Structures are given as C-alpha cells and as structure tokens.
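Have a look at the sequence and fold first.

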Amino acid sequence: MTAIDPTEHATTVAALKEEVLRRLVFTVCKDSSTASPRDWFIATALATRDRLASSWLASTKRNYREDRRRVYYLSLEFLIGRLLIDTLTNLGLTGAMRAALAELGVDLNRLREVEPDAALGNGGLGRLAACFMDSMATLEIAACGYGIRYDHGLFRQTIKDGWQHEYPEDWLSFGNPWEFPRPEITYDIGFGGHVEHTRVTDGALAHVWRPGEKIVAVAYDTPVVGWRGKHVNTLRLWSARALEPLRLDAFNQGDHVGALAEQVRAEAISKVLYPSDSTPAGQELRLRQEYFFVSASLQDLVHRHMKQTGDIAKLAEKTAIQLNDTHPAIGVAELMRLLVDVYGVEWRQAWEITQATFAYTNHTLLPEALETWPVWLMEKLLPRHMQIIYLINALHLDGLREQGVTDSGVLASVSLIDEHNGRHVRMGHLAFLGSHKVNGVSALHSELVKKTVFKDFHGLYPDRIVNKTNGITFRRWLLEANPALSRLLAEAIGPGVFDDAAKLVELEAFADDSSFQERFAAAKRENKERLAGAIFDSVGVRVDPDALFDAQIKRIHEYKRQLLNVLEAVALYLDLKSQPSRDFVPRVKIFAGKAAASYHQAKLIIKLANDVARVVDADPAARGRLQIVFTPNYNVSLAEVIIPAADLSEQISTAGMEASGTGNMKFALNGALTIGTLDGANVEIRERVGDDNIFIFGLTAQEVAESRAKGIDARDTIAASPRLSAALDAIASGAFSPDDPNRYAQLVDTLLYYDHFLVTRDFDSYCEAQRRAEARWRDEKAWRRAAILNTARAAWFSSDRAIREYAADIWKVGIRI
C-alpha cells in the first residue's frame with residue numbers, strides 16, 4: 001500500500017504475466033484456453049515461488065558467509081495456512097499479480113480459494129509457530145523450522161445431523177507447489193534393538209546402540225519469506241519412508257500385502273497429526289512420531305554446524321534450539337546421544353552444551369499436555385535414550401543432595417521418573433532440566449508455571465523461568481485477512497504502519513471522529529457481508545450482517561467452555577420465548593472448532609450447539625433476534641474470514657487454564673471487543689485496551705483454585721440461578737433433542753455433580769457481561785469508539801515484538817531491523 005511507480009508496475013505486471021504463462025505451459029502443460037482454476041493456481045504459485053528463489057539462496061549464502069548464530073524452531077505443528085496471498089503480500093506483488101492475472105482472464109481471489117490449507121497443525125500451537133517463522137524471516141534472523149510433513153494432517157471435519165465426523169485431509173492430493181523435495185537429504189532413524197558396551201582405545205566405556213528397526217527421514221523444504229522479501233528462511237519438514245519400498249521376495253511369493261508391511265509401518269509416522277493414543281499401538285506411534293522428527297532435525301542441524309565450523313564443541317555458541325511445547329523434549333536425550341556416542345564428547349561437557357543450546361516453551365498447565373511416557377515403552381523403543389535419561393536423573397538428584405536438598409517430596413517432584421501409578425518418564429521435566437531458559441506465553445501463565453507444574457523446579461532454579469507473551473503476525477491477520485481495514489489504516493495513519501506496528505497507536509486520534517467511525521464501520525460491514533456469504537455457502541443459513549456477530553472459534557475443549565456459551569444461548573432463547581415484546585439486540589452466535597476424535601464430551605458439546613441452532617433457527621419467535629451457526633472444518637482460511645467480521649470475541653476459558661491464546665489478539669486487532677475471563681493474554685489485552693473497552697467476567701485464577709478446593713458439586717449454585725436452572729432443565733428434558741430426550745443427561749449430570757471447569761459458577765457473571773455488551777452495542781458511537789481503540793492498542797501483540805524478546809533474552813542473536 002505504498003506509492004507505486006506506474007512504469008515500474010506495468011513492467012512487473014508484464015513480466016509476471018509472462019512467467020505465469022511459461023509455468024502454465026512448461027510445468028503444468030496446459031493451454032490457457034483449457035486450463036482449470038487449479039491449473040492456474042499451480043502456475044501462479046510456481047511463478048511466485050520463482051520470484052523468491054534468488055532471495056532464498058542469497059539469505060542462505062549470507063548466513064554461511066557471516067558465520068551467523070542460527071535458531072532452530074522444533075514444533076510438531078506448523079499451521080501455515082494458504083501461502084499464495086501470504087507470499088505475494090510479503091514480496092509486495094499482490095497488486096501486480098492481480099493485474100497480470102486479470103489480463104489473462106483469471107481472478108486472483110478465485111485462485112486463493114482453490115489453494116488448500118496445509119494440514120500441518122491443529123490450533124494455537126501450530127499457528128504460533130507459523131507466525132514466529134514469519135517474524136523471524138522479517139527480522140532477518142538465520143532460522144529454520146523443523147516439523148513433520150503430514151500426509152493427512154489432523155482430520156477434515158464434517159457435521160452430519162449435528163455430529164462431528166472425521167475424514168483424512170487431502171491437501172497433498174494435487175501436489176504442493178511451495179515445497180522443494182530434497183531426496184538427497186535423508187537420515188536414518190532407529191527404534192528398538194539393544195545397547196552394546198565396549199571399551200575404546202583409551203579404555204573408556206562406550207555405548208553402541210544397535211537399533212532393531214530403521215526408517216528413513218526425507219526432507220521437504222518450504223521457503224518462508226519475510227516482509228518486503230528481504231530475507232527468506234526455511235521450513236524443513238520430514239517425511240517417513242521405509243529403507244526398502246517393498247520386500248521383493250515376499251511379493252514374488254504372492255504375499256503382495258505382506259511385502260508392503262514395513263513400508264506401511266514406516267510411513268504411518270508421517271500420515272496424521274496426533275493419532276489417537278487411546279490404544280497401546282496409538283501411544284507407541286505418538287512416541288515414534290516425536291522421536292522421528294526430533295532425531296532427523298538434530299542430525300541435520302549438527303551436520304550443518306559441522307560443515308560450517310568443524311568443531312562440535314562450538315555447537316552452543318553457534319546454535320539455539322527452541323522446543324515449542326513438550327512434544328520435542330526427547331531432543332534433550334537425543335542430543336546427548338549424538339554428542340557422547342557419535343562425536344565422543346565427554347559427558348559433563350556434553351551436558352553443558354545441551355543445556356546452553358536448548359530453550360523450552362511451555363504452553364499449558366493441563367496434565368495431559370505435559371507428556372509422560374511409560375518407562376517400559378521408552379525402554380522398548382529407545383533403549384539408549386532411556387539409559388541417558390536415567391543417568392541425567394541420577395546426576396541431577398545426586399547433585400541436589402550434595403547441595404543439601406534432602407526433602408524426599410521435593411526430590412520425587414523434580415525426578416525425571418514418576419514412580420506413581422506405573423513408572424513414567426516426565427517429558428516436561430526433561431525439557432526443563434535440559435534447557436537454560438523455560439518460558440511461559442503470557443504474564444499470568446508464566447506465574448502459574450512457577451507456582452504449579454514447575455513449582456519445585458522454580459525453587460531450585462529461580463532464574464530459569466521467564467515470560468514471553470505470544471504474538472501474531474499483522475501481515476496475515478490484518479493486511480491479508482482484512483483488506484478493507486488495511487486500506488483505511490493506510491489512508492488515516494500512513495502505510496508505514498505495516499512496517500512498524502507501533503504506529504497503530506496513532507489511530508487513537510480518530511477514535512471520536514464521527515466520519516472515521518463511519519468508515520471503520522463500513523469496513524466491518526464489508527467483512528460481515530463476506531462472512532454471511534461464506535456461512536450460507538457452508539451451511540445454507542442466511543445471517544443478518546446488521547446483527548451483532550458474536551464469535552467463538554477455537555479447539556473444542558471443556559476448559560475453553562463452549563458449553564458456557566451454548567448455555568447462555570439457551571437462556572437467551574428461553575427469554576425470547578417468554579418475553580416476546582422485549583427489545584432484544586439481534587445476535588448471531590458463530591461457533592467453529594474441532595474436537596479430538598476420541599474426546600466424547602467435546603463432540604457432545606458440538607452436537608448440542610448444532611441441536612440448539614436447529615431448534616432456534618426453526619422457531620419464528622427467534623427470527624431476526626437470535627441465530628446460532630456452527631461452521632465446519634475450522635482452519636486458518638476460515639479464521640481469516642470470521643475474525644475480521646466479528647463484533648464480539650469470546651475468550652471465556654476457565655481462569656488459569658488458557659496459557660495465552662492468540663485468537664484473542666487477532667480479534668482485538670481487527671476491531672472486535674473481547675468478552676472474557678482474566679485468563680491467558682486476556683489480562684494483558686485488558687491492560688492495553690483499557691477496562692472500558694473489554695467485558696471481563698468470572699472468577700480469577702486464584703478464585704478458581706479456591707472454589708475447587710471447596711468442592712465442585714454445583715447443585716447449590718444452579719439452584720441459586722433461575723436462568724441457569726431453566727436452561728439446564730430444557731436441555732435435560734430433551735427440548736433440543738426430541739429424537740433422543742436423554743442424549744444430554746450425562747452432560748447435565750457432569751455440571752451438577754462434577755463441574756471441574758466451573759461453568760455454573762461463572763454463568764451469571766457471564767450473562768451480566770453479555771448484557772453490558774448489548775448495552776454498549778446499542779450506543780453505536782460508543783461501540784465504534786471502543787472497536788477503534790482495540791485496533792489502535794493491539795500493536796504490542798505483534799509476533800515481531802515477541803521474537804525480538806526471544807532473540808535478545810533467550811537466543812542471544814542479533815536482528816537486522
């Protein structure tokens with residue numbers, strides 16, 4: 001959105017037109033008169049990729065030439081979304097490519113819809129990794145992301161009769177024009193077998209792991225271009241392959257299926273994200289996945305380090321590895337194995353290198369997310385790593401005893417082995433112990449990490465835990481997702497805001513300007529009309545863009561409390577029925593999100609939301625007053641449509657359970673007002689946007705802990721709330737499930753007797769906050785002012801700010817801008 005030289009623009013348009021046509025003919029092998037939209041997309045993506053190739057190579061050469069310290073970001077998820085518009089935007093070519101395609105009779109927006117979302121993540125964890133990769137490239141940090149190239153991702157969600165159904169994602173069916181296969185870059189990954197003990201020439205004892213099974217990790221590289229195209233980093237994803245594609249002897253003997261067994265077993269590792277671990281086989285596959293990508297990544301980065309320096313002792317000096325949550329924690333033991341067993345580094349020095357190299361981001365306080373693995377499974381799959389973990393633990397505990405730590409409770413708490421309920425390896429503990437810094441992802445979360453999951457560790461190592469509040473890339477979540485608002489910002493405060501997010505604060509001067517408010521509202525209206533069209537296309541429901549758009553879009557989980565939102569919708573519906581003459585604020589409640597395939601309670605909540613939506617939609621009493629829609633198959637592209645259109649952002653998790661959230665930041669940036677608890681980054685959003693521009697309700701994290709300590713039987717709480725009682729009675733009686741009146745009996749009983757997530761305790765406070773939001777909505781000028789201030793004061797939540805903090809405080813790397 002900077003000034004464009006007409007002559008230069010025309011030259012660029014002509015060149016892009018020629019490049020797209022060349023790719024269409026010589027790569028796709030199609031004529032322009034017969035090419036399908038998908039053919040045009042492939043040609044356009046390849047032409048765009050060609051444009052960044054030279055910068056990618058130049059960035060790589062500069063990293064070597066300047067002998068730069070490198071950052072490696074290990075994450076089981078990278079939710080990168082569609083890349084065509086993202087890449088064109090960062091290269092500054094969106095307008096020129098749009099014009100070039102128009103001359104060819106092709107609509108760039110149509111190609112945008114053709115591109116599939118890369119199925120490489122699930123939710124906030126993966127989207128954060130993608131934002132961080134964008135910011136590292138923008139800040140010209142020499143970085144590489146490592147993950148898995150999933151064939152089918154998490155799953156494709158469909159809703160049939162209100163129930164979630166899961167199907168494999170098919171994002172690779174037509175190939176991926178953004179990736180570069182690197183068949184020459186492979187690493188052997190071992191599993192099982194045994195460990196031999198031998199004496200080396202100096203008499204020292206050496207350990208040699210003889211894996212019983214080996215598979216191959218094959219690299220696929222995707223370029224990640226920074227803003228203005230000045231620097232390009234690499235996202236390297238690993239695909240699993242068998243050493244041999246089939247057993248030819250078995251095949252020739254007629255065992256055609258058995259001949260492929262080893263291939264199927266190996267390739268299962270990179271088939272899907274988060275396979276169900278409800279069975280022993282599923283649990284084993286999860287561990288195989290995590291070790292597979294960690295081992296390949298560490299072998300690769302060590303190989304690169306040795307190529308650059310030739311000195312393994314300098315690894316920590318030249319390398320920073322960030323573990324994005326607990327999934328890659330096995331990397332601590334794997335790096336120790338490589339240093340000690342492969343490169344012959346003495347144990348003490350190897351441990352110093354390992355700790356100085358690794359840093360660990362904790363994303364959750366939920367016990368199921370702080371992984372543990374049965375000792376027997378570790379000994380079976382990774383026998384050498386289990387030996388290393390035992391030794392790390394023994395030296396750690398012995399060292400504490402030497403320092404005077406004798407409390408058996410503390411020692412048991414910080415042991416890497418949980419001796420209760422079967423022996424398990426605590427992967428969060430391993431990540432903590434093997435890292436020089438451990439960070440939470442919001443101010444509240446970091447304090448809770450110190451007080452809960454790592455309380456005793458924090459007492460022993462008080463300087464290790466730091467806070468790095470999450471951030472989002474404004475390039476995607478404003479410039480790309482919200483062109484209408486972006487144009488308005490460029491006109492009001494200048495296009496420099498897209499280079500420096502801090503300039504957003506200049507928008508405050510326009511908050512009370514009635515003319516600007518009108519234009520701000522017009523941009524929002526444009527986005528709401530776009531979302532209304534998408535909803536109709538998806539679920540066949542027409543919604544009113546003039547209504548208040550109230551959105552809760554995130555992974556379906558009990559702690560995120562979609563159930564609280566549904567209960568308030570039921571109470572509101574009952575009010576509509578009993579008070580037909582009351583003047584209600586027209587509202588559209590928008591839900592989206594996936595439930596884990598084996599998470600019955602979350603899937604039941606999806607069904608309830610759809611059942612309530614069906615009844616409300618069919619009732620004339622609710623027409624023009626209340627609508628509820630559940631949009632299926634939530635992904636990055638759907639978020640890019642919903643977030644710019646939302647008026648109210650639902651961030652209503654049980655306080656103390658959401659680490660940070662990034663959806664809350666995206667909504668605020670796009671001018672939505674937050675209704676939420678004091679949880680995660682909501683606390684910091686309130687500090688920055690101001691109490692008057694957010695609707696806070698509910699128990700605090702401390703009050704949640706106190707309430708749970710008193711008991712979570714909610715019968716008295718429900719009895720004291722007539723609206724909640726009526727809503728639960730309606731659900732329990734089958735009012736929304738006449739085909740199966742008892743469908744939600746268990747769900748209601750859980751709230752009555754075991755309300756762990758304190759839905760009932762927060763219900764009345766939540767309803768009161770909703771009424772405050774409605775009162776503000778009725779005051780058009782006040783709502784618009786608050787929306788503008790949310791956008792103006794969201795600058796601090798940029799992922800560029802977050803990465804600057806990581807670079808300065810944890811990675812110790814310089815940035816160029």
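Let's start with Glu650, which sits in strand E20 (residues 648-651); helices (H or I, at least four residues) and strands (E, at least two) are DSSP runs, numbered from the N terminus. Before going on, some ground rules: this is a predicted model, where local features need pLDDT of at least 70 and side-chain atom pairs count only at pLDDT 80 or more, while totals for chains, interfaces and linings use all residues. Residues are numbered from 1 along each chain as its sequence is written, and side-chain values use heavy atoms, with hydrogens and water left out.

Is Glu650 buried or exposed? With 0% relative accessibility, Glu650 counts as buried (under 20% relative accessible area; exposed is over 50%, partly exposed in between, with a 1.4 Å probe and protein chains only). Its side chain makes a polar contact with the side chain of Tyr766 at 2.8 Å (a pair of N or O atoms within 3.5 Å; within protein, one must be able to donate a hydrogen and the other to accept it, and residues adjacent in sequence count only if both atoms are side-chain atoms). Setting aside residues up to four places away in sequence, Glu650 also has Asp550, Lys554, Lys589 and Gln770 among the residues it touches (contact means heavy atoms within 4.5 Å).

Now the cores. A nonpolar core is a set of buried Ala, Val, Leu, Ile, Met, Phe, Trp, Tyr and Cys residues joined through side-chain atoms within 4.5 Å. The largest one has 157 residues, and Met136, Ile141, Trp238, Phe292, Ile389 and Trp811 touch the most other members. Helix H9 (residues 280-309) supplies the largest share of this core, 10 residues. Apart from it there is another core of 118 residues, Leu479, Ile553, Val585 and Phe797 among them.

Finally, the axes of helix H22 (residues 562-578) and helix H29 (residues 722-732) come within 9 Å and cross at roughly 95° (lines fitted to C-alpha atoms over the stretch in contact, with angles from 0 to 180 degrees between N-to-C directions). H22 and H29 are therefore roughly perpendicular, a label for angles of 65 to 115 degrees. The contact includes Leu567 and Asp575 of H22, plus Arg723 and Ile731 of H29.

Definitions and conventions. Parallel < 35°, antiparallel > 145°, perpendicular 65-115°, else oblique.
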